[in-house]
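Hi,

Here's the structure I promised to pass on. Have a look at it first, and my notes follow below.

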Amino acid sequence: MTEYFYISLFAVVAIVVVGALLALSTVLGPRNPSPQKMLPYECGIIPTEEAKGRYPVRFATIAMFFIIFDVEVVFMYPWAVALGELKLFGLVEMAIFIIILGIAYVYIWGRGGLEWD
Amino acid sequence: MDWITEILNVTWNFIVLFLNENIPLVVGSVKAVIIAVAIMSVVPALVWLERRLMGRFQVRLGPNRVGPFGLGQPMADTVKLLFKESIIQSSADKFLFHLAPAVVVITAIAAFAVIPFGEPFEVFGQTIEMWGANVNSGILFVFAISGMGIYGMVLAGLSSNNKYSLMGGLRSSAQMISYELTLGLSALSIILLTGSLSLVDMVRAQETYPFILVQPLAFLLFFIAGIAETNRAPFDLPEAEQELVAGFHTEYTGMKFAMFFMGEYINMVTMSALVTLLFLGGWNAYGLPVWPIVSFAVKVFFLLCVFIWLRSTFPRIRYDRLMTFGWKILLPLCLLNLMVTSTVKVIWFP
Amino acid sequence: MSVTEQGLLERDKDTMTLNMGPQHPSTHGVFRVILEMDGEVVKTAEPEIGYLHTGIEKNCENKRYVHVIPMTDRLDYLNPPGNNLAFCLSTEKLLGIEIPERANALRVIMCELSRIASHLVWLGTHALDIGAMTVFLYCWREREMILDLNEEVSGVRMMTSYIRVGGVAKDATRPWLDGIRDFLDYFPAKVDEYERLLTRNPIWLDRTEGIGVFTREEAINWSLSGPALRASGVNWDIRKSQPYSGYDNYSFDVPIQTNGDIYDRYRVRVEEMRQSRAIIKQAMERLPGGDYKTPDNKVSLPARETLHTSMEALIHHFKLVSEGISVPKGETYVPIEGARGEVGFYIVSDGTNVPYRVKLRAPSFMAIPGMCKAMEGCYIADVVGIIGSIDIVMGEVDR
């Protein structure tokens, strides 16, 4: 656990520095808000509508593909470490796994899941 | 007065005892703080390097007025940014707006914690290890923490309530998750070769030759994905200033704006260090009479220059092409490389 | 300020209305286009102009002909000699005067230099829009030399007003001619350098090929002109079809491409820079002697030294300075091939020393509707590419 204590020290240093910088800039910087200044930037035009709102579903599909593939990749990590002992059995096992993954991949490709227009 | 002296004595003895008992802990903590501060002070130097180098690439001088060779320029810029008004536009989500740059910087620094940059050495009977922390799954840790950095950019984009920022934030999330796959899969072939997730073991496995010689394709894939992960040109789509003005940090001013840059540059160093550790043999000098740390630093410096060189050479790739490239070209190549590597390993080098 | 008081409206439709411009890094000035976005894809694009309205056309109705020339500089501010020339040619046609050969050659040199400078700005900013930073600064390096040459001959770097009614403002100077010769020797290698950075760059090809396409018919129907028209396969160059200022004496090619996409417009303009160099080279080689402006003292000032000896010269000088040129009644239009396409001034004269009406045919203005049409269905990243490839200058759009 000591190693993670050191890592948390990095985070602590980062938080301290970030906090100090933010505090300093709050103290040192001027503060002259005006209604115009507080508007979101839209190329000099006063925006009429919120930016938040509906957004095309394809961003959600990318996220889904990512989760699918990333979970597969996570399975591969312990396999890669242990391949030295698993030998041919591990290889065949993973070949089957990747082929199944490949079928899903080809299916997604075929259904147009990887198109962005 | 005696009792005060007594208390002080007891306290002092306790501290000395504690320190004597826990010298490694103290040394480790001091080292961690030093490395964390050092990596943050690398940022101004890197900003200077980038601006000078870009200047040379682009037939101009770059900053040369503040201090010798313009070395004071990043400091002057930092001070300027400190004195800038911090504008938070009224429809933004205040908490997330502040959180976003902090997340970017903190994750960037924390990811650097597990990067080793030399063999341990002995000083005053103490073994000083040349890394902030040696976790046995170093590479996974880097991926996990740098993956969290995406949150910073997405939150910045969403909390700004600005259309350009929103698009930048969405772009960055889609881009980074797509290229994280490539990053992870191309690193897998190195794990296959070493049989360990520890970055130190990976460097030790490269004592005779660097892995770039046996895994050139994985190196290329990893480096491309690394550029995309750090949002550097030609993959700087989330902040494409010509299209999205500044993307996810359009609304940020002053120090908060600078913090995104800080995060980006630290990520650049981390990524260069990672490429060095995985493919270029880390601190191994292959017979050259240099200190390991110098060998490591030179390789990282070279990669950083490549990052800057790419930025000044290439136009920006388009968003849909970026996604297509990641999913349709890099991903199959990664899987192929993985299959070939594992087959060769099992059949020819059991 | 109602919006700031009541707050922003909730966005409830599937598309997002995105204002691009006027304050945007890559709309080439203050062009505004209102994009209806579906994610990253543009559904509709609606142009909005008028943010740089200067009132130059209206102003011209109160200026003497000579005084209009500095105002034409400010229209297409990247190619001022082209505007000067277009205005002078129209005025000279009304006056019915002949221009000396030397003046014509100097005009051609100046216009072609300026075409190169304009194309350099276009290439630099266009490449920057697509993300290639370095080309931008390389182009600026060469443009700087042309601006220095402008300063040498006219005293001004950008708004030269060098071309005047009846000829040019001053005779060529030796350092100018030497400077141009040096530039002509130096320049071709630099064009090759830009091409090395872009022409076969896979990312550049990816960003430009097949995007913003105008077919031959579309290009004509949307009244594109100049390089944008020629990139769509229409062989139309006013320097060839209606030669002016002695362009028929020079041998040069008109680069044509057929696909009409961003890449072809890029190829056409880069080749045009080479052709412009060839034209300047020929003009330098056979630069005729003689007057640099018409000897007609009703139009151009008499030589300074004659004022002390000739009563007539003094009277002409006085009349020209105090009244300006009187142009016979009539109306005319002479088009020229500017850097962006057909430029021409439609001038109506009522016989006095100020024009009754001056109307500019600005290629950028004519291209805007077609440009916005081409944006539809593209990605937002292509929008800046299309704007850059059409090469609009807001100075001549909002005059």
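This is a predicted model: local features need pLDDT of at least 70, side-chain atom pairs count only at pLDDT 80 or more; totals for chains, interfaces and linings use all residues.

**A sheet in chain C**

In chain C, β6 and strand β7 (residues 342–349) run antiparallel and are joined by eight bridges. Strands here are DSSP runs of E of at least two residues, helices are runs of H or I of at least four, both numbered from the N terminus, and two strands pair if DSSP finds at least two bridges between them. One of the residues involved is C:I336, whose bridge partner in β7(C) is C:V343.

These strands belong to an open sheet of three in chain C, ordered β6-β7-β8 with antiparallel pairing. β6 (330–337) and β8 (355–361) of chain C are at the edges with a single partner strand each, so one side of each has no neighbour in the sheet.

Residues are numbered from 1 along each chain as its sequence is written, and chains are lettered from A and ligands numbered from 1 in the order in which they are written.

**Chain A and a loop in chain B**

Chain A has two helices and zero strands. Its C-alpha atoms fill a box of roughly 70 × 50 × 15 Å along the principal axes.

Over in chain B, B:T208 sits in the loop between α7 (199–205) and α8 (216–229). B:T208 counts as exposed because it has 8 C-beta neighbours inside 10 Å (exposed means 12 or fewer other C-beta atoms within 10 Å, buried 20 or more, partly exposed in between, with C-beta atoms placed from the backbone).

Cheers
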